[in-house]
Amino acid sequence: MVIPRIKICGLRDIATAQAVARLGADAVGLVFYRPSPRYVEIEAAAAIARALPAFVSCVGLFVDCPEAEMAAILERVPLDLLQFHGDETPEQCRRWQRPYIKAVRVKPGLDLLEYAGRYADARGLLCDAYSPAAPGGTGERFDWGLLPAQLPLPLILSGGLDPDNVVAAVAQVRPWAVDVSSGVERARGSKDLERVARFIAAAKQTSFSG
Ligand SMILES: O=C(O)c1ccccc1N[C@@H]1O[C@H](COP(=O)(O)O)[C@@H](O)[C@H]1O
């Protein structure tokens, strides 16, 4: 049976990150994209990453990050996994020699099988909603019917998930993992632990044969 892994994205302080871990998250995300309301400075990010308990992964989220900035972050923040959420090429993703996942913003006409094939060494393909307004973290959903029945990479479902729709999302999509940011916030960039708890409890009650 597969019980989807759970990533809570956009943590900005140690206490909230530790609380999210205690509530049962498998991974927390740190956003290194400056225009985001969830952006976290390097020193704060390093402190959060070091404060996480064993077996909770720390994921760094990047959107077409300049190389020098990326190098500085990787030197100081102990990240377990890189999340490339922009237009990074497969070569740019591989350049850091770290495990990574690639995000793709799903819209009609996109060939997801071809896309996944280009990032064959990624640890997962994160499918998010396309929005012309922002590269991610918008709270918008996409049409899950656009996803192919099978992908060559573990599927991470994101985009507009929340405590009330995650069960239906998992039942329909059967993803390896789910990722959420806006749906567990009280305001942009501010996590609501009660919503986080409800999201995790709901996601953990889902399972499917895999
Ligand atoms: O969280 C952000 O601010 C962000 C900024 C830029 C790119 C991605 C971002 N977050 C990721 O977006 C998806 C969907 O988030 P939401 O739940 O719809 O708000 C998720 O994978 C976040 O990791």
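The protein chain contains 7 helices and 10 strands, where helices (H or I, at least four residues) and strands (E, at least two) are DSSP runs numbered from the N terminus. The radius of gyration of the protein chain is 16 Å, close to the 17 Å that the globule rule gives for 210 residues, so the chain is as compact as a globular protein of that length; the radius is taken over C-alpha atoms, and the rule is 2.2 Å times the number of residues to the power 0.38. The model is predicted: local features need pLDDT of at least 70, side-chain atom pairs count only at pLDDT 80 or more, and totals for chains, interfaces and linings use all residues. Residues are numbered from 1 along each chain as its sequence is written.

Of the 210 residues, 39% count as buried (20 or more other C-beta atoms within 10 Å of the residue's own; exposed, 12 or fewer; partly exposed, in between; C-beta atoms placed from the backbone).

Around the ligand lie 26 residues, of which Cys-9, Ser-36, Gly-136, Gly-137 and Ser-182 come nearest (C-beta atom, placed from the backbone, within 6 Å). Two or more shell residues are given by each of strand 2 (27-31), strand 6 (125-129) and strand 8 (177-180).

In helix 2 (residues 42-51), the buried residues are Ala-45, Ile-48 and Ala-49. These cover an arc of only 100° around the axis, which puts them on the same side of helix 2; the arc is that of the directions from the helix axis to the C-beta atoms. Exposed residues Glu-43 and Arg-50 are carried on the face turned away from the buried side of helix 2.
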